[in-house]
Amino acid sequence: MVKIKVLLADDQELILESLHIVLSMEEDLEIVGLAKNGEEAIKGCEQFMPDIVLMDINMPIMDGVAATALIKERIPATKIIMLTSYKEVEYVLAALSYGAEGYLLKALHPKDLAAGIRVVQAGGTLISQEMASKMIKSINNTTPAKNNEFGLTAREIEVLHKLASGLRNQDIAEALYLSEGTVKNYISTIYSKLNVKGRREAARKARDSGIMDH
């Protein structure tokens with residue numbers, strides 16, 4: 001029997017160890033490496049050439065989404081399954097856009113985790129109907145909203161609303177389930193589309209042009 005080579009990436013020692021133990025019990029799975037952050041996951045992929053990576057999303061040094069993007073760029077044959085909690089929808093969408101094969105919830109029974117690994121190894125994807133509908137919504141959110149002369153997307157307008165109400169980047173990130181880095185990217189795109197230099201100016205221009213009413 002050819003075993004499926006799996007690399008596990010999670011910054012929580014307990015989760016990493018327990019996944020290692022339970023998945024090693026499956027006859028057709030072989031755990032070839034363990035990683036505690038995205039950088040270690042990339043190195044592990046280059047060293048062990050796993051078939052599948054179970055990738056946690058929130059990790060120090062480099063998160064799972066950034067690591068997914070780089071692994072998919074360098075070793076596209078490696079299949080990646082995001083390990084996620086219920087709240088991390090936006091991150092999962094980002095990882096899927098970089099080519100991840102799907103996601104599994106951390107709370108799943110080990111047997112279901114193993115079954116998910118087999119599905120992906122066989123060429124399948126793991127995306128629930130709920131996630132698929134969120135993906136479609138998020139794709140719609142990247143097209144410019146109506147009545148909007150600056151070409152801002154629905155998502156950018158959401159960020160702009162929060163910005164104008166005085167929220168800090170960290171608060172905006174939490175409210176919209178985004179990373180702070182993503183929020184900063186949105187803000188710089190908003191500034192360049194509105195041709196402004198700061199928050200006050202952005203808020204004023206948005207109000208004057210009526211974007212804030214949409």
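**Contacts of D56**

I looked up what D56 touches in this predicted model. Leaving out residues up to four places away in sequence, D56 touches A9, D10, D11, G64, M82, L83 and K106. I then placed D56 in the fold: it sits in strand β3, residues 52-56. Buried or exposed? I checked D56. D56 has a relative accessible area of 2%, under the 20% cut-off, so I noted D56 as buried.

I also opened the UniProt record. Its unreviewed entry annotates D56 as "modified residue: 4-aspartylphosphate". The annotation may be inferred rather than shown by experiment.

**Helix α9**

Next I took α9, residues 180-194. I checked its length. With 15 residues at 1.5 Å a residue, α9 should span 21 Å. The end C-alpha atoms of α9 are 21 Å apart, which agrees.

Which residues of α9 are buried? I listed V183, Y186, I187, I190, Y191 and L194. Looking down the axis of α9, I found these buried residues within an arc of 135°, so they line one face of the helix.

What do the buried residues of α9 pack against? I recorded α7 (154-164), α8 (169-175) and α10 (199-209).

Last, I looked past the end of α9. N195 follows the helix, and its phi is positive, near 60°.

Conventions. Residues are numbered from 1 along each chain as its sequence is written. This is a predicted model: local features need pLDDT of at least 70, side-chain atom pairs count only at pLDDT 80 or more; totals for chains, interfaces and linings use all residues. Side-chain values use heavy atoms; hydrogens and water are left out. Helices (H or I, at least four residues) and strands (E, at least two) are DSSP runs, numbered from the N terminus. The expected span of a helix is 1.5 Å times one less than its number of residues. Buried means under 20% relative accessible area, exposed over 50%, partly exposed in between (1.4 Å probe, protein chains only). The arc is that of the directions from the helix axis to the C-beta atoms. Contact means heavy atoms within 4.5 Å.
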